[in-house]
Amino acid sequence: MSYIDGFVVAVPAGNKAAYKAMAEETMVLFREFGATRVVECWGDDVPDGKVTDFRSAVKAEGDEVVVFSWVEWPDKATRDAGQKKMMEDPRLAGMTDMPFDGKRMIYGGFAVMLDG
C-alpha cells in the first residue's frame, strides 16, 4: 500500500511564485526518485480553531499563507530510498534560498490506513 509524506508550512503571501517555482523543482526530484504523486495546496479556506489549527501549528504570521502538501510513494521502502537519494542529490543542495521559514515546517511519514 502507498506511503505518504505530509508537509505543512507558512509562506509569506508575496512569496507564492517563488514557492511554486521551488515546489516544481523538488517535484522533479521526488518523481525521479520514485514518488507517484506530488500535491501542493495553497491555503484558501484555513479557519482559526478554538484549540488548535493549521496556522498555529506552523506559527503563521499575519501575511503568511498555510501550504499543505503531500508526496505519495508506492511503499515505505521506495520512500526511504528516494529520500536518501534526494538528500545526496546536488540539485537539492543547490536550493538554498527557501521562500519560507523551514524551522516552522511540520512534516511526517504516514502509512495509508484507508484509501477510498
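Where does Lys59 lie? In this predicted model, Lys59 is found in the loop between α2 and β3, a region shown in one of the views described below.

**View A. The four-stranded sheet.** The strands form an open sheet of 4 strands in the order β2-β3-β1-β4, paired in the antiparallel sense. β2 (37-42) and β4 (106-111) stand at the edges with a single partner strand each, so one side of each has no neighbour in the sheet. From one strand to the next, the twist averages 15°. Helix α1 packs on this sheet and touches β1, β2 and β3, and its direction makes about 170° with that of β2. Strands of a sheet pair through backbone hydrogen bonds, in either a parallel or an antiparallel arrangement.

**View B. Strand pairings and bridge partners.** β1 and β3 run antiparallel and are joined by 10 bridges. Within this pairing, Ile4 has Glu72 of β3 as its bridge partner. β1 also pairs with β4, in the antiparallel sense and over 6 bridges, and here the bridge partner of Asp5 is Gly109 in β4. β2 and β3 are likewise antiparallel, with 6 bridges between them. Cys41 stands opposite Phe68 of β3. How many of the 10 residues of β3 are buried? The number is 8, so β3 is largely enclosed by the rest of the structure.

**View C. The largest nonpolar core.** This core has 12 residues, among them Tyr3, Phe7, Leu29, Phe33, Val38, Met86, Leu92 and Met95. At least two of the core residues come from each of β1 (3-12), α1 (16-32) and β3 (64-73). A second, separate core has 7 residues, including Val11, Tyr19, Ala23 and Val67. Ala35 is a further member of the largest core. Leaving aside neighbours within four places in sequence, Ala35 is in contact with Phe30, Val71, Glu72 and Trp73.

**View D. Aromatic rings of Phe30 and Trp73.** The structure holds 5 aromatic pairs. One of them is formed by Phe30 and Trp73, whose rings are edge-to-face at 6.0 Å centre to centre, with 75° between the planes. This pair links distant parts of the chain, since Phe30 belongs to helix α1 and Trp73 to strand β3, 43 residues apart. Are Phe30 and Trp73 buried or exposed? Both residues are buried, and both belong to the largest nonpolar core. Elsewhere, Phe54, Phe68 and Trp70 form one aromatic cluster.

View E. Glu64 is placed in strand β3. Its relative accessible area is 7%, and the residue therefore counts as buried, the limit being under 20%. Which side chain makes a polar contact with the side chain of Glu64 at 2.8 Å? The partner is the side chain of Arg104. A polar atom of the Glu64 side chain also lies 2.7 Å from the backbone nitrogen of Glu61. Not counting residues up to four places away in sequence, Glu64 touches Ala10, Val11, Pro12, Ala13, Arg55, Lys59 and Arg104.

View F. Beyond residues up to four places away in sequence, Val58 touches Val8, Val9, Ala10, Val66, Arg104 and Ile106. The C-alpha atoms of Val58 and Asn15 are separated by 16 Å, with the two residues 43 apart along the chain. What is the phi of Lys59 near? The angle is near 50°, a positive value in a residue other than glycine. Most residues other than glycine have a negative phi.

Methods:
Residues numbered from 1 in each chain as written. Predicted model: local features only at pLDDT ≥ 70, side-chain atom pairs only at ≥ 80, totals over all residues. Heavy atoms only, no water. Core = buried A, V, L, I, M, F, W, Y, C linked by side-chain atoms within 4.5 Å. Buried < 20%, exposed > 50% of the residue type's maximum accessible area, 1.4 Å probe, protein only. Contact = heavy atoms within 4.5 Å. Polar contact = N/O pair within 3.5 Å; in protein donor to acceptor, adjacent residues only side chain to side chain. Pairing = 2+ DSSP bridges. Axes fitted to C-alpha atoms, helices over the stretch in contact; angles between N-to-C directions. Phe/Tyr/Trp six-rings, centres within 6.5 Å; stacked < 30°, edge-to-face > 60°.
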